[in-house]
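Please read the points alongside the coordinates.

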Amino acid sequence: MPNQVWLNGSIVNAAEATVSVYDHGLLYGDGVFEGIRTYGGRVFKLATHLRRLKESAKALRLDLPYDVDALASAIRQIVATNGCRDGYVRLCVTRGVGTLGLNPFVCAKASTFIIADNITLYPEALYEEGLSVITSSIIRNHPQALSPRIKSMNYLNNILAKIEAIDAGVLEAIMFNHQGNVAECTGDNLFIVRQQGQDPVLFTPPLHAGILEGVTMNVVIDLARTAGLEVVRTDLTRHDLYTADEMFLTGTAAEVIPVTKVDGRSIGTGRPGDVTTGLIGAFRSLIAQNAPED
Ligand code: PMP
């Protein structure tokens, strides 16, 4: 894929797409971002991602230098320039160039850049076998410190949890919240399935558990309800994880991926269950049919 980057209104070579060392995005992690997929050249859930970016920026009192329509056109422009059919878009808005102090309001103008590139997915075998994950000792951000609803450039607690996962020889870690309930993974939302009587029921933590409101999570909730499944948003404990019948993660990069082992305990049969494989199929056919942009 030719590697051009959209930077503050211009298309430049990736090697020349640079930000200042005085940018507060770099100095303090002061910025917001979105990760977005393209499928067949269509920008999946673009409007939803841009709404979330706007909300993240608002929470941080970061003035976006471009409105949502301008950002949408910029994304389409760089996607077309790079011939990005099935790829990944990273849209970042940093606070901009400031001084060495914390005050964000001395930064004259936010800096915006958009990367459209390939994405490394989990290998297909893991969609068939399921992931092995651990629970992390690192909690997700306390919502009274930095709300996980804000998709900010400060991902350090998730990075610490990811390091624990890598050290343990697995690819993902489940993070709990400050109350000891399940929040989410380092880069994905989490669902479990429990058989209740004759029917499988999906459970996933509520937004107040301190999670990112995942775009993929909401798509999957809609697909599940359309398929007649009950979806319950409720607090989940470590025990709920260990005793689930099925588990899967959702995220822009991962899409829908089964989890078959947590902290050395097999989930359900140890193989991806029917509900999970059904939802993977439903998600893939949504993408194949038309990958809606709103
Ligand atoms: N949680 C976290 C912490 C994330 O970074 C992400 C995105 N990678 C998700 C959940 C999934 O969100 P989405 O479906 O919008 O990509």
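1. Contacts along the sequence. The model is a predicted one, in which local features need pLDDT of at least 70 and side-chain atom pairs count only at pLDDT 80 or more, while totals for chains, interfaces and linings use all residues. Residues are numbered from 1 along each chain as its sequence is written, and side-chain values use heavy atoms, with hydrogens and water left out.

2. Secondary structure and overall dimensions. The chain contains 8 helices and 15 strands, these being DSSP runs numbered from the N terminus (helices: H or I, at least four residues; strands: E, at least two). The chain is as compact as a globular protein of 294 residues, because its radius of gyration of 19 Å is close to the 19 Å given by the globule rule. That radius is taken over C-alpha atoms, and the rule is 2.2 Å times the number of residues to the power 0.38. Along the principal axes, the C-alpha atoms fill a box of roughly 60 × 40 × 30 Å.

3. Burial and surface. Of the 294 residues, 50% count as buried; the classes are buried (under 20% relative accessible area), exposed (over 50%) and partly exposed (in between), with a 1.4 Å probe and protein chains only. The accessible surface of the chain is about 13,200 Å², and carbon and sulfur atoms contribute 52% of that area. Accessible areas were computed by the Shrake-Rupley method with a 1.4 Å probe.

4. Charge. There are 25 positive and 31 negative side chains, and the centres of these two sets lie 4 Å apart. Lys and Arg count as positive and Asp and Glu as negative, whereas His and the chain ends are not counted. Each charge is placed at NZ of Lys, CZ of Arg, CG of Asp or CD of Glu.

5. E34. This residue belongs to strand β3 (residues 31-39). E34 counts as buried because its relative accessibility is 0%. Which side chain makes a polar contact with that of E34? The partner is the side chain of H49, at 2.7 Å; a polar contact is a pair of N or O atoms within 3.5 Å, where within protein one must be able to donate a hydrogen and the other to accept it, and residues adjacent in sequence count only if both atoms are side-chain atoms. Beyond its neighbours within four places in sequence, E34 is in contact with residues including R52, V89, R90 and K151.

6. Positive phi values. Most residues other than glycine have a negative phi. K45 has a positive phi near 60 degrees and sits in the loop between β4 (42-43) and α2 (46-59). K45 counts as buried because its relative accessibility is 17%. D263, also not a glycine, has a positive phi of about 50 degrees and lies in the loop between β14 (255-262) and β15 (265-266). At 23% relative accessibility, D263 counts as partly exposed.

7. A173 is part of strand β8 (residues 172-176) and is buried, with a relative accessible area of 0%. Residues up to four places away in sequence being left out, A173 touches I134, S136, A161, A165, E184, C185 and T186. N181 occupies the loop between β8 and β9 (182-185) and, at 13% relative accessibility, counts as buried. Its contacts outside four places in sequence are F176, D235, L236 and T237.

Definitions and conventions:
Contact means heavy atoms within 4.5 Å.
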